[in-house]
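Please read the sequence and the model below side by side. The report that comes after them is meant for a reader who wants each term tied to its cut-off.

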Amino acid sequence: MVTTEQDIFLGTLNAGHPGGMLPLTEAEAQTLHSPHLPDNLYVCDASLLPQSLGLPPILTIMALAKRIAKQIL
């Protein structure tokens, strides 16, 4: 196979962990609940983060899940 200039990609690939779809404000951070959601519905993923962290957010998400579970109980 012959490689041509059209086959070469010189840009930057950005594979990240998206976040920030439902970011919490400082006031909402105490309850970990967004007023955009029903009272009995909680979100516990990278959506709560203000923006993508650029690194795998799994430990942060696990800590959020633990804290939300305690509040729900």
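The text below goes from the whole chain to a few of its residues.

This is a predicted model, in which local features need pLDDT of at least 70 and side-chain atom pairs count only at pLDDT 80 or more, while totals for chains, interfaces and linings use all residues. Residues are numbered from 1 along each chain as its sequence is written, and side-chain values use heavy atoms, with hydrogens and water left out.

The protein chain holds 2 helices and 0 strands, where helices (H or I, at least four residues) and strands (E, at least two) are DSSP runs numbered from the N terminus. Of its 73 residues, 22% are buried; buried stands for under 20% relative accessible area, exposed for over 50%, and partly exposed for what lies in between, with a 1.4 Å probe and protein chains only. The accessible surface of the protein chain is about 6,100 Å², and carbon and sulfur atoms hold 60% of that surface; such areas come from the Shrake-Rupley method with a 1.4 Å probe, and for residues only the protein chains shown count as cover. Among the contacts with a separation of 6 or more, 56% join residues 24 or more positions apart, a contact being heavy atoms within 4.5 Å.

The largest nonpolar core has 10 residues, including Leu 22, Leu 24, Leu 32, Leu 48 and Ile 68. By definition, a nonpolar core is a set of buried Ala, Val, Leu, Ile, Met, Phe, Trp, Tyr and Cys residues joined through side-chain atoms within 4.5 Å. In soluble globular proteins, nonpolar side chains tend to be buried together.

| Residue | Relative accessibility | Class |
|---|---|---|
| Leu 24 | 17% | buried |
| Leu 32 | 4% | buried |
| Ser 34 | 2% | buried |
| Tyr 42 | 29% | partly exposed |

Leu 24 sits in the segment before helix 1 (26-29). Leaving out residues up to four places away in sequence, Leu 24 touches Ala 29, Leu 32, His 33, Ser 34 and Leu 48. Although Leu 24 and Pro 50 are 26 residues apart in sequence, their C-alpha atoms lie 6.8 Å apart in space.

Leu 32 belongs to the loop between helix 1 and helix 2, and its phi is positive, about 55°, although Leu 32 is not a glycine. Most residues other than glycine have a negative phi. Ser 34 is in the loop between helix 1 and helix 2, and, with residues up to four places away in sequence not counted, it touches Leu 22, Leu 24 and Glu 28.

Tyr 42 is placed in the loop between helix 1 and helix 2, where its contacts, not counting residues up to four places away in sequence, are with Thr 31, Leu 32, His 33, Ile 68 and Ile 72. From Tyr 42 to Ala 65 there are 23 residues in sequence and 9.7 Å in space, C-alpha to C-alpha. Ser 47 lies in the loop between helix 1 and helix 2 (58-72), and it counts as buried because its relative accessibility is 14%.
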